[in-house]
Amino acid sequence: MALQPADTRPMTRRETEVRRFVRARYGLRGTLALHRHAVGLDLLRAPVNVMLSPLFLLTRLGGPLLRRIGLVRAGNWLVRRKIFLKSDVAQRIKADLDGLIDDLAAKGLAPKAPPAAVTRAVSNYAETRNAVAEITTSLLVLAAGIWLFHRATPGVISLAGPVAHLRAQTQAIENFALGNWAGRMWYGTFPQELSSAEVVMTGIVLAVLASVVTTFAGLVADPIQLWTGIHQRRVLRLLRRLDHTSDVPELGREHVLARLGDLSDAALSLWRSFKS
């Protein structure tokens, strides 16, 4: 039987180019090179961007709601607001993705979308990657809570209490007048009481540490998403959206998942506070 020629349809060739791109950018070497840009001002921008994430979600949910009730211009204006501070890593990702689209255009494989639409789509892609980094951090916090305290801690709020209690217990035992052994016996029976200020301060410190982890979470998340094909599917999804040019940014599912983690963290902490 004669060999069939390779499929040279544009979408197949596009998929090949995208596969090559994500392997170069999000493999082990690529993600290490990418995160070199995070060493610097990104460490200061990260906590601010984490705090701005709920506001970003509100703008993306509020825009479609306004359009549904007839306020189309107001809805479009709202969803186009830039909420996050521009990070160096995001700028590098945008530059790389712009380069990919330029290469596709040179080969006749790029979407026929206006430059403004391409710019917005690339920005949305970078913001989506930030949401994935937050999800990765939440999973690491959850794993830490289960490992250290044998309880679910889907976020910093629910982790702050156990960490503050552990710190207070350890410090009280070390300062016990009759020694550590007697201190462990005493405070095992009569646990050290915590003030609200101690829990809040612990939460603030953990939030700062979590933002640093989020900045570098891609070192873990990028290779995993590469091996599972998520990165490739995400880039192809972006290109398909540009094929059917939409002038309004869409809310990625990753942003919703990241905020659901925050809501579950707050709800779990509130339930435990009522229970105790």
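The model is predicted; local features need pLDDT of at least 70, side-chain atom pairs count only at pLDDT 80 or more, and totals for chains, interfaces and linings use all residues. Residues are numbered from 1 along each chain as its sequence is written, and side-chain values use heavy atoms, with hydrogens and water left out.

The chain holds 12 helices and zero strands. Helices (H or I, at least four residues) and strands (E, at least two) are DSSP runs, numbered from the N terminus. Along the sequence the pattern reads α-α-α-α-α-α-α-α-α-α-α-α. Of the 276 residues, 41% are buried. Here buried means under 20% relative accessible area, exposed means over 50%, and partly exposed lies in between (1.4 Å probe, protein chains only).

Helix packing is illustrated by one pair. Two packed helices are described by the angle between their axes and the distance between the axes. Helix α3 spans residues 42–68, and helix α4 spans residues 72–79. Their axes lie 7 Å apart, at an angle of about 165 degrees. Axes are lines fitted to C-alpha atoms, for helices over the stretch in contact, and angles run from 0 to 180 degrees between N-to-C directions. The two helices α3 and α4 are therefore roughly antiparallel. Angles over 145 degrees count as roughly antiparallel, under 35 as roughly parallel, 65 to 115 as roughly perpendicular and the rest as oblique. The crossing of α3 past α4 is left-handed, meaning that the near helix is turned anticlockwise from the far one by less than a right angle (clockwise for right-handed).

Salt bridges were searched for across the whole structure, and eight were found. A salt bridge is a side-chain nitrogen of Lys or Arg within 4 Å of a carboxyl oxygen of Asp or Glu. Side chains of opposite charge can pair when their charged atoms come close. Arg14 pairs with Asp243, with 2.8 Å between the closest N and O atoms. This pair links distant parts of the chain, 229 residues apart: Arg14 sits in helix α1 (residues 10–26) and Asp243 in helix α11 (residues 230–243). Arg14 is buried, at 4% relative accessible area. Asp243 is partly exposed, at 33%.

The side chains of Asp96 and Arg25 form a salt bridge at 2.6 Å, N to O. Asp96 is buried at 15% relative accessible area. Arg25 is buried at 14%.

A further salt bridge joins Asp42 and Arg45 at 2.7 Å, N to O. Both residues lie in helix α3, three residues apart, or about one turn of the helix. Asp42 is buried, with 3% relative accessible area. Arg45 is buried as well, with 18%.

The surface carries a nonpolar patch of about 620 Å², made by Leu28, Leu32, Leu219, Val220, Ile224 and Trp227. Patches are made of residues with over 30% relative accessible area and no salt bridge; like charges are joined within 9 Å, nonpolar side chains (Val, Leu, Ile, Met, Phe, Trp, Tyr) within 5 Å. Accessible areas come from the Shrake-Rupley method with a 1.4 Å probe; for residues, only the protein chains shown count as cover. Helices α2 (28–35) and α10 (218–227) each supply at least two residues of the patch. Helix α10 gives the most, with four. Trp227 belongs to helix α10. With 63% relative accessibility, Trp227 counts as exposed.
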